[in-house]
Amino acid sequence: MPCPALPDGFDFTDPDVYRSRVPLPEFAQLRRTAPVWWNAQPHGVAGFGDDGYWVVSRHEDVKEVSTRPEIFSASVNTSIIRFNAAMTRDRIDLQKLIMLNMDPPEHTRVRQIVQRGFTPRAIRALEDALRARARTIVAGARRKGSGDFVTDVACELPLQAIAELIGIPQDDRARIFDWSNKMIAYDDPELAITEEVGSTAAAELISYAMNLAAARKECPAQDIVSRLVAAEDEGNLASDEFGFFVLLLAVAGNETTRNAITHGMHAFLTHPDQWELYKRERPGTAAEEIVRWATPVVSFQRTATQDTTLGGARIEKGQRVGIFYASANHDPEVFEHPEAFDITRDPNPHLGFGGGGPHFCLGKSLAVLEIDLIFQAIADAMPDIALAGTPRRLRSAWLNGVKELRVRYV
């Protein structure tokens, strides 16, 4: 199999790459020439004390890795594909308490508990409240005339949805926003966030959630917290488990949906035919295409628990395997004209919510609802919204993030 024509030293987790773009042309080269490709790195640069990882670029191979947890572990090295050279093993191992970084059977136990809050009935119960919140958010932005779409619009509904779902007071949502930003922004020097600051933010968020859990044990309410923690001996979460669950929600339910909404707005405004189509017809397929197009989580990783073969490559036990959703979601073997932003795309078997298996996104239905509601509200209240600047992207090794998107609210 020929080697891809990539520059010497190219790294698909280099945060400097994602500060300017998602490397879609390079992914396309891999899919054509080496769909499972060894990406060498300077020793220990990612925090794992090794010399690189495998890049899995094809849709079918990402799905295979995702659905075989007995061979490809989320726990051994966590799901985060790159920290930095200063990351210690103790701090990596601590992250195994987060559901994202668990394997069955422990993952199965925790997921069976927390999914009580994400049943279709639970999501439907939120719809009217979130629709009203979406309209209020958009109306507030419109009164400003112009501003940063990320902070004015995109971040607000996911934060309010988490607060609504869990029972966090709405007044505390700014604290959740601040903590989650600090946890994921350690690669971006402009934000002056160090690993230490990120760790402190994570500890503060966990402490906040544990205190909330303790309060609900003393005085249960009609919210998900009470259902998850009120009776530990009946298969519910311990207070510390609930704390780590809220930490996961702060990123998985906030950062990802916020970035999907931001990328979706930018896509609409740079594809005006699609915005006109959306305003006119409001297709139910739009939210899924926005997630495919945005792919807010570029990649996660797994670690091989035994020698195995994938896509013609021989993977050794202990080697890390990067599953690149951004590449899979542009695989022409699966998507016709994947380079096109098409809100009527159907079917749309994208992997923006994961590749299936035990870690498929628990909050998919809530995320799709939030995306649908916010764009409905934008189309109703400010149909002539316009760009007022280019997106300022987050420097991150694994998130397709936008820090700022200036617009005119008209």
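**Notebook: cavities and core**

I began with the second largest cavity, and its volume is about 30 Å³. I kept in mind that this is a predicted model.

Next I looked up which residues line that second largest cavity. I found Val65, Ser66, Pro69, Phe72, Ala74, Asp103, Arg302, Pro358 and His359. Sorted by class, this lining has 5 nonpolar, 2 polar and 2 charged residues.

I then asked how many cavities of 30 Å³ or more there are. The count comes to 2.

On to the largest cavity. I read off about 40 Å³ of space there. Two helices, H14 (286–294) and H16 (364–381), are the elements that give two or more residues to its lining. I wrote down the lining residues too: Tyr278, Pro283, Ala286, Ala287, Ile290, Ile371, Asp372 and Phe375. By class, I have 7 nonpolar, no polar and 1 charged residues for the lining of the largest cavity.

Phe375 turned up again when I moved on to the largest nonpolar core, which has 132 residues. Along with Phe12, Phe149, Phe242 and Ile378, Phe375 touches the most other members. Helix H12 (residues 239–270) supplies the largest share of this core, 15 residues. A background note for myself: in soluble globular proteins, nonpolar side chains tend to be buried together.

Which residues is Phe242 in contact with, leaving aside its neighbours within four places in sequence? My list for Phe242 reads Ile166, Ala209, Leu212, Ala213, Val225, Leu228, Val229 and Leu237.

Methods: Residues numbered from 1 in each chain as written. Predicted model: local features only at pLDDT ≥ 70, side-chain atom pairs only at ≥ 80, totals over all residues. Heavy atoms only, no water. 1 Å grid on protein atoms, 1.4 Å probe; cavity = no way out; pocket = protein on both sides within 12 Å on 5 of 7 lines; lining within 4 Å. Points joined across faces, edges and corners; volume = space filled by probe spheres on them. Helix = DSSP H or I, 4+ residues; strand = E, 2+ residues; numbered from the N terminus. Nonpolar A, V, L, I, M, F, W, Y, C, P; charged D, E, K, R; others polar. Core = buried A, V, L, I, M, F, W, Y, C linked by side-chain atoms within 4.5 Å. Buried < 20%, exposed > 50% of the residue type's maximum accessible area, 1.4 Å probe, protein only. Contact = heavy atoms within 4.5 Å.
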